[in-house]
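Reader: Could you take me through the labels used for this model, and tell me what stands behind each one?

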Amino acid sequence: MSGRLLDIRRTTSNENYIKQHLVGLFSQMTFVVTNQRNKWFLSSVLFFGLGCGLFFFLPARISVSQAALALILLISGFWVSRRIAMAAFAFQLAASLMAGVLVGAVHTEFGPKNIPTKTLYSTEITGTIIALEPRGKRIRATLRPSAIDGLPDNQIDGQIDWNVRLSFLGDSDLAIGDRVTVKARLFPLKPPSVPGDPDFARNLYFSGIGATGFVFGRQFDVQRGDKDQFISDIWQYIEVLRQSVSATISNHIIGPEAGIAKALIIGERGEVVSEIAEDLRKSGLAHLLAISGLHMGLLCGTVFFLIRYGLAAIPSIALRYPIKKWSAMAAMLAGLIYLGLSGATIPTQRAFVMLLVVWVALLLDRRAISLRLVGVAAIVVLLLRPDAVLGASFQLSFAAVGALVAFYDGPGRTWLDRQGMRPWYERAVFYIGGLLVTGVIVTAVTAPIIGYHFGRISMLGIIANLVAIPVMAFWVMPLIVASLALMPFGLAGLSLAAMTPGLTVLLKTASLIADQDWGLWYVSGLDGMAVSGLLCAIAWCVIWRDRWAIAPMVPVLIAAMFIQSNHQDADMLVSGDRESWAVFDDHARTLHVSNGLSGFQKSIWMSRFGIRPEEMDQQVQTCQSDPCFLTVGQGHDKQKIIIASQLDNPFYACRNAGIVTSLQSDLPKTLCEKSGAKVLIDDDVLWWQGGIALRVRDLTEEKPSVQTVRSAAGEWPWIVIGGKAGR
């Protein structure tokens with residue numbers, strides 16, 4: 001009896017001990033949250049971004065009115081509980097999350113209406129060119145259509161509120177503002193080929209594009225833009241400037257350096273050959289091709305430094321006027337001009353917004369670099385494009401910038417203090433050390449994002465950037481500024497010639513690093529939920545940097561690791577185009593693909609299964625026969641698969657294979673299921689549900705589930721499957 005009482009007392013004592021520690025932990029968290037209200041804003045920015053992303057993954061569409069009502073209730077809860085710190089903080093985070101959902105709902109609600117749902121194989125389109133983008137031997141033009149023959153009345157609805165992206169021949173004489181009438185083939189927005197593939201249609205939809213296509217040869221008429229329209233004149237003038245800059249570069253730079261120069265100055269990547277582009281990707285220098293924060297920051301920083309340095313040399317001006325603010329305004333103007341010359345792409349717009357916030361803060365005598373300003377820039381970008389939070393560009397740029405600002409605003413500040421008092425050789429050592437530390441931080445933070453989106457991580461990118469960043473900062477970008485300043489006077493030849501060796505150094509560095517195959521890690525099987533949880537935990541830790549405040553992230557990290565450890569990738573993919581398919585044999589490490597599979601789609605699926613391009617000949621096998629008979633796995637995991645365009649004898653296939661796929665004809669499902677086939681995929685499924693993905697290794701006696709694009713992507717306006725768009 002006494003022993004039982006002793007056990008009861010011990011149990012009670014342990015329970016009290018746990019309660020005391022939980023109460024102590026909660027009180028410590030409350031103290032931290034209450035006394036660091038300056039961190040509430042950044043925490044809200046994080047949850048606002050989560051809300052923008054969450055909207056696109058909700059199991060059911062939420063309307064604008066529903067999201068607005070929920071936001072009002074949460075704001076009311078915040079107001080009522082404003083005197084209770086933890087409760088108010090919780091309501092603020094929930095309100096920020098719902099605000100992100102509301103922004104996503106608003107953009108979706110007011111997006112393009114009645115976009116095409118069927119292919120127009122030959123149609124006449126009349127419209128005005130609003131954007132041009134050279135693509136090698138083709139020109140990709142965006143038209144604002146005024147008439148499209150063949151559209152149903154319910155899709156015209158009196159006015160076409162979406163644009164069309166068309167591909168023209170590369171030597172077509174086109175300019176922004178031109179009114180064209182073309183004979184073209186027009187396609188609806190293409191959904192992901194299979195579940196898990198990139199959703200390019202979503203980006204097109206939120207860019208205001210409702211259909212894509214190509215022009216038949218030279219079957220088009222051009223009417224030059226109306227010179228009386230002011231906006232049209234501005235865009236035409238910018239386009240003339242871009243073409244003039246391109247011609248000047250071509251006159252003074254030859255070889256692959258010309259393509260790199262055009263990519264850096266005007267954002268044209270059409271002349272960058274595929275081999276060089278692949279070397280840049282493998283070496284971790286692909287960010288040099290996309291005009292973004294690095295380019296905009298270096299250009300604006302160069303202008304700011306040169307103007308401030310020049311004005312500081314004139315005592316009568318430097319001692320009387322705010323030359324620092326004058327220089328900031330000049331840098332803002334230079335950034336705006338560069339934005340126009342580069343084609344105003346989404347990454348460039350995002351970089352300009354971030355730098356604009358920095359310059360405005362400088363004009364207001366606020367700290368130019370801080371996490372708060374990074375948060376403001378993120379809010380501005382997400383208010384304009386909430387879907388950007390799902391893209392690699394947004395995630396990489398803000399992850400890298402946020403981590404660097406947090407480091408150099410904290411532990412790294414000692415590196416920046418009193419640098420001007422050190423000898424030049426010590427400053428050089430500290431600069432190189434700073435580049436190395438910066439590369440390590442950026443690589444560590446962006447590695448999960450790069451691995452998830454692209455399936456490979458360049459570990460030698462740190463070394464490549466040790467060479468590339470100084471070359472860009474001290475050689476290439478100052479000469480770009482000089483070239484742009486001298487071009488109106490016809491004197492840019494000397495600066496462009498001086499810039500060419502710097503571009504050669506970049507290309508040689510990329511080629512040398514890309515040849516080291518061991519430095520490129522191919523990864524596969526990363527789960528989106530696990531990566532998101534990891535990034536959110538890292539962001540929370542960067543914001544708070546307090547052991548008590550980051551305690552709630554421990555369960556998030558545990559959940560992320562659990563999700564990743566239980567994640568299982570599909571190993572059979574059949575595209576919704578009813579032509580392409582792939583089956584991965586994990587035992588033989590071989591990817592079987594359909595004959596005629598496009599190189600672009602093959603590269604996506606190879607990356608999905610972690611296959612290196614240089615190993616394609618050994619690990620990728622193309623099935624030349626139709627029907628295609630496959631046997632994958634070993635032992636009890638062995639499965640027989642038959643894939644055909646049309647099955648002349650479906651009963652034979654069903655008796656001799658566990659998975660039967662008929663791409664362009666229906667299967668007699670009832671009779672086939674009685675014959676022993678476990679999975680049946682036919683034209684009916686692919687047409688109405690889109691591409692499919694399943695895990696061959698998980699086949700059991702029971703019928704396994706097949707994931708379709710319709711079930712994975714959801715009912716969205718940009719998801720067009722079976723001639724119908726989601727609602």
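This is a predicted model: local features need pLDDT of at least 70, side-chain atom pairs count only at pLDDT 80 or more; totals for chains, interfaces and linings use all residues.

Reader: What makes Cys623 and Cys628 a disulfide?

Author: A disulfide is a pair of cysteine sulfur atoms within 2.5 Å. The sulfur atoms of Cys623 and Cys628 are 2.0 Å apart, so the pair meets that cut-off. By this rule the count comes to 1 disulfide.

Reader: And why is the disulfide of Cys623 and Cys628 called right-handed?

Author: That comes from the torsion about the S-S bond, which is about 120 degrees, so the disulfide is right-handed.

Reader: Is Cys623 buried or exposed?

Author: Here the terms are set by relative accessible area: buried means under 20%, exposed over 50%, and partly exposed in between (1.4 Å probe, protein chains only). Cys623 has 14%, so Cys623 is buried.

Reader: Why does Cys536 count as buried?

Author: Because its relative accessibility is 19%, and the cut-off is under 20%. Cys52 counts as buried too, at 0%.

Reader: Which residues other than glycine have a positive phi?

Author: Asn114 is one of them, with phi near 55 degrees. Asn114 lies in the loop between α4 (85–109) and β1 (120–135), and counts as partly exposed because its relative accessibility is 35%. Arg589 also has a positive phi, of about 55 degrees, although it is not a glycine. The loop that holds Arg589 runs between β9 (581–585) and β10 (590–594); with a relative accessible area of 37%, Arg589 is therefore partly exposed.

Reader: Which residues form the nonpolar patch on the surface?

Author: Leu534, Val554, Leu557, Ile558 and Met561 form the patch, with about 430 Å² of accessible area together. Patches are made of residues with over 30% relative accessible area and no salt bridge, with nonpolar side chains (Val, Leu, Ile, Met, Phe, Trp, Tyr) joined within 5 Å and like charges within 9 Å. A salt bridge is a side-chain nitrogen of Lys or Arg within 4 Å of a carboxyl oxygen of Asp or Glu. Leu534 has 31%, so Leu534 is partly exposed. Leu534 is found in helix α20 (residues 528–544), whereas helix α21 (residues 553–565) gives the largest share of the patch, 4 residues.

Reader: How do you know that β13 pairs with β14?

Author: Two strands pair if DSSP finds at least two bridges between them. Strands β13 (residues 639–644) and β14 (residues 659–662) run parallel and are joined by 4 bridges, so they pair. Ile642 stands opposite Val660 in β14.

Reader: What order do the strands of the open sheet follow?

Author: The order is β12-β13-β14-β15, with mixed pairing. β12 and β15 (679–681) are the edge strands, because each pairs on one side only.

Key: Residues are numbered from 1 along each chain as its sequence is written. Side-chain values use heavy atoms; hydrogens and water are left out. Accessible areas come from the Shrake-Rupley method with a 1.4 Å probe; for residues, only the protein chains shown count as cover. Helices (H or I, at least four residues) and strands (E, at least two) are DSSP runs, numbered from the N terminus.
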